[in-house]
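Please take a look at the sequence and the structure below, then read on.

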Amino acid sequence: METVVSGIRSTGKLHLGNFYGAVKNFVQMQHEYNCYFFIADYHSLTTHPTPADLHGNVRQVLVEYLAAGIDPEKATIYVQSDVPEIAELYLYLNMNAYKGELERSTSFKDKVRAHPDNINAGLLTYPVLMAADILIHKATKVPVGKDQEQHLEMSRTFGNRFNRLYNNEYFPEPYAFSFSEKLVKVPGLDGKGKMGKSEGEGNAVYLSDEPEVIRKKVMRAVTDAGPTEENQPKAEAIQNLFDLLKVVSAPDTYSHFESLYNSCQIRYGDFKKQLAEDMILATAPIREKIREIDGDDTYLRQVARFGAIKARESAAKTIRQVREIIGFKSF
């Protein structure tokens, strides 16, 4: 089976965008590929979380991965920092990653503009650590969004550069991989852009949100005064809500409200109530599993340890071979 690697930063709870855009596919992939799904706590250090937040966020993602249906018997679920070989490969790849190419990274330039007081070396070399995450398992398929495609291209660059430097076709080329035929767009509730943790609490609906919380968030979602002409194009905020409805609701529900909008009869209050109830229904099984797993520390510890053993088995083999290729030898 081909190897798939994907990680999610441990910066808080998973939301509908994480689930429909990635995790739902992971659950299907684990039956057909050799999957490594990791919690990227090294990556989260660029924003300097407190020790309590760091561990709590890792635990939260682990709970929610499991609640969403990732099976530790079928896929390897692990915490990035439990595999020190990743940091070692990161060091080797950094020796052949150049300042100019790292500074040209779009995400680095965006971070510099957004946080000029926190331009740390971790942000600059973020693509190198991502390359180490992928290459450590010699993965060929990486499920990534559009915003990560440049980083994946850099991963290929670093792997190919290593191969050329040491005249050894060791690392395969990893490529972007979408398991589903159609990418799911999950917009936020703030009327612009995709659902995300960094856009404020009200923008995202989390998998662990209680029904009343979901209702409040959805009822506060941005709308407009309503259509004034039949079949008029929707404003971005309204289109976003319809896109959310398409993700969580039945096709006939979507068609019903689309027809009401096109005939200028839509009442946004009714529309939002329906959207909220369908979100609650869609997330109910996961929410129940989150409660169940969250209370079982023994199980979580077993999953993390089992995942670390499996991931280190693959990573240690890569590091052993990489050290030989570079020329490190014991006396």
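To talk about how helices cross, we need axes: these are lines fitted to C-alpha atoms, for helices over the stretch in contact, with angles running from 0 to 180 degrees between N-to-C directions. Helices (H or I, at least four residues) are DSSP runs, numbered from the N terminus. This is a predicted model, in which local features need pLDDT of at least 70 and side-chain atom pairs count only at pLDDT 80 or more, while totals for chains, interfaces and linings use all residues. Residues are numbered from 1 along each chain as its sequence is written, and side-chain values use heavy atoms, with hydrogens and water left out.

**H4 and H14**
- Helix H4 covers residues 85-94 and helix H14 covers residues 297-326; their axes come within 9 Å and cross at roughly 30°.
- H4 and H14 are therefore roughly parallel to each other (angles under 35 degrees count as such).
- The crossing of H4 past H14 is left-handed, meaning that the near helix is turned anticlockwise from the far one by less than a right angle.
- On the H4 side, the contact (heavy atoms within 4.5 Å) involves Glu85, Glu88, Leu89 and Tyr92; on the H14 side, the residues include Arg312, Ala315 and Ile319.
- Sorted by class, this contact of H4 with H14 has seven nonpolar, no polar and four charged residues. Here Ala, Val, Leu, Ile, Met, Phe, Trp, Tyr, Cys and Pro count as nonpolar, Asp, Glu, Lys and Arg as charged, and the others, Gly among them, as polar.

**H4 and H8**
- The axes of H4 and helix H8 (residues 126-135) come within 8 Å, crossing at roughly 125°.
- H4 passes H8 in a right-handed crossing, the clockwise case.
- From H4, Ile86, Leu89, Tyr90, Leu93 and Asn94 make the contact; among their partners in H8 are Val128, Leu129 and Leu135.
- The contact of H4 with H8 has nine nonpolar, one polar and one charged residues.

- Helix H9 (residues 149-165) has 17 residues and reaches 24 Å from its first C-alpha to its last, close to the 24 Å expected at 1.5 Å a residue (1.5 Å times one less than its number of residues).
- Asn167, which follows H9, has a positive phi, near 50°.
- Ile325 is placed in helix H14.
- Not counting residues up to four places away in sequence, Ile325 touches Phe162, Tyr166, Asn168 and Tyr170.

Technical notes: Helices (H or I, at least four residues) and strands (E, at least two) are DSSP runs, numbered from the N terminus. Angles under 35 degrees count as roughly parallel, over 145 as roughly antiparallel, 65 to 115 as roughly perpendicular and the rest as oblique.
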